[in-house]
Amino acid sequence: MKLNKYVALAVLAATSLVTAACGPSEPEPKRTPQVVETPLSPVDTSDLWLPTQFDELEIVDPGWQTTPQYRDGVYLAAAEREGLLEFTAVDVHGAVLWAVQRPATCTGFALTIDATGRSLAVLTDVESSAADLAATTTSAYDLNTGELVWGPIAVPGRHIGPGLVYGPPPADFMGESGPRVVLNPTTGVVAASEAETDGVRVIGEYGGTVLLADKDSLTASDASDGSELWSIPLAKNGWEMESLSPDFEPSPVDGFVFLGTSDATRALVDLDDGTVISESVQDAAVDAATGYLTVLDNAGLHSFDSENTLQRSVSVSDNTSISASGGVLLYLREGDTVRVHNVLTGDIAQAYAPGGHGRIIVPSHMTEVGAAILLDGSKSLLATVPEFPTSTEEGNS
């Protein structure tokens with residue numbers, strides 16, 4: 001499949017409610033996060049064929065229409081309601097922590113962390129001035145509480161991503177956007193700019209790490225203080241700066257970067273040290289329970305332990321893709337078929353009860369505590385986990 005970076009961006013915009021463009025909107029949104037008292041109702045799962053690991057969990061439907069993003073025990077996504085876009089933050093126990101509105105055509109958002117390790121939700125907005133000019137801004141909120149951390153801060157155009165990357169729209173639909181900037185998650189100020197730094201290409205911001213490329217190297221730096229974390233020479237992998245770009249097509253994998261290296265290839269790079277795991281990656285997933293990484297590339301399916309040591313490789317059919325990995329299980333799709341493996345042994349696993357019935361439900365994201373996003377067609381359901389009492393509560397019971 002041809003992976004031209006502009007095609008990938010266009011497909012992303014066309015297939016998701018996330019349009020990454022901003023414009024004036026009526027009615028006026030409620031821009032301050034609100035506490036939501038109404039709990040999410042459980043889903044009737046009698047006509048769903050769930051993996052057995054979710055049989056005892058309560059399944060809820062948050063009503064999201066965008067792909068949920070996850071960090072620090074919280075999912076964030078949005079749905080269009082009454083001409084506005086409403087973002088809701090829901091924790092792994094199914095509690096709606098807060099909700100906030102934005103114009104329906106201003107849907108860019110990202111999750112990241114600041115210098116203290118606090119998880120943030122950064123949302124784009126647009127407001128019209130007295131002169132009837134629309135100004136694009138972005139604001140950061142504590143992901144767990146909805147508290148405003150910084151903003152609104154003006155940005156030079158739409159949210160582009162990955163992470164806190166912004167820039168003017170392209171002159172035409174298939175063209176490249178103008179000079180991009182990447183923001184410091186801790187303060188919201190510009191951490192790096194293509195316009196101000198000659199010969200540097202902004203790749204993306206990934207959980208507080210900024211990835212930049214110049215004619216000689218690919219460099220990762222701390223977004224808050226600018227300190228260099230690692231750098232690898234482009235010549236080592238036969239790459240050129242002009243050909244490097246973030247790749248949006250696979251689902252993000254925490255701790256790793258999908259990097260477009262040409263119109264037809266992409267690499268998987270370890271964000272911790274710059275190790276190139278694969279130069280022909282098609283998909284990947286990490287099992288949070290074990291730290292095992294599964295990579296699907298041109299040569300097959302590969303399993304790596306938490307130290308990036310290759311454990312095994314197997315050949316797979318051309319129509320294979322990775323759905324999710326978690327709880328020591330790897331969910332694969334082969335066309336309309338679902339196949340599940342044990343990530344430690346590679347053996348086929350019995351993830352569904354024999355003789356089950358109803359629509360087969362497949363996870364698309366799984367957390368370290370067992371909560372997961374489950375796909376029912378295009379609908380994202382949330383499998384929640386119980387909230388156990390604290391030691392104080394136990395002592396008073």
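**Strand pairing, aromatic pairs and confidence in the predicted model**

Strands E27 and E28 form a hairpin with two residues between them, and Gly327, which lies in the turn, has a positive phi of about 60 degrees. Helices (H or I, at least four residues) and strands (E, at least two) are DSSP runs, numbered from the N terminus, and two strands pair if DSSP finds at least two bridges between them. The structure is a predicted model, in which local features need pLDDT of at least 70 and side-chain atom pairs count only at pLDDT 80 or more, whereas totals for chains, interfaces and linings use all residues. Residues are numbered from 1 along each chain as its sequence is written, and side-chain values use heavy atoms, with hydrogens and water left out.

Leu329 is found in strand E28 and is buried, with a relative accessible area of 15%. Leaving aside neighbours within four places in sequence, Leu329 is in contact (heavy atoms within 4.5 Å) with Gln53, Ala324, Val340, His341, Val343, Ala349 and Ala351.

An open sheet of four strands has the order E3-E4-E5-E6, with antiparallel pairing. E3 and E6 stand at its edges, each with a single partner strand, so one side of each is left without a neighbour in the sheet. Neighbouring strands of this sheet are turned by 25 degrees against each other on average, direction ignored, where axes are lines fitted to C-alpha atoms, for helices over the stretch in contact, and angles run from 0 to 180 degrees between N-to-C directions. Seven bridges join strand E5 (residues 84-91) to E6, and Glu86 stands opposite Gln101 in E6.

Aromatic pairs were assigned by ring geometry: rings of Phe, Tyr and Trp (its six-membered ring) pair if their centres lie within 6.5 Å, and planes under 30 degrees apart count as stacked, over 60 as edge-to-face and the rest as tilted. By this rule the count comes to six aromatic pairs. The rings of Trp64 and Tyr75 have centres 6.5 Å apart and planes at 50 degrees, so this pair is tilted. The pair links distant parts of the chain, 11 residues apart, with Trp64 in the loop between strand E2 (59-60) and strand E3 (69-71) and Tyr75 in strand E4 (residues 74-81). Trp64 is buried, with a relative accessible area of 6%, and Tyr75 is buried at 0%. Trp98 and Tyr141 form a tilted pair at 6.1 Å centre to centre, with 40 degrees between the planes. Ring pairs also link Trp49, Tyr331 and Tyr352 into a cluster.

The chain has a mean pLDDT (the predictor's confidence in each residue, from 0 to 100) of 87, and 86% of its residues reach 70 or more. Confidence is lowest in helix H1 (residues 5-15), at a mean of 32, and highest in E2, at 98. Where pLDDT is low, the predicted coordinates should not be read in detail.

Key: Buried < 20%, exposed > 50% of the residue type's maximum accessible area, 1.4 Å probe, protein only.
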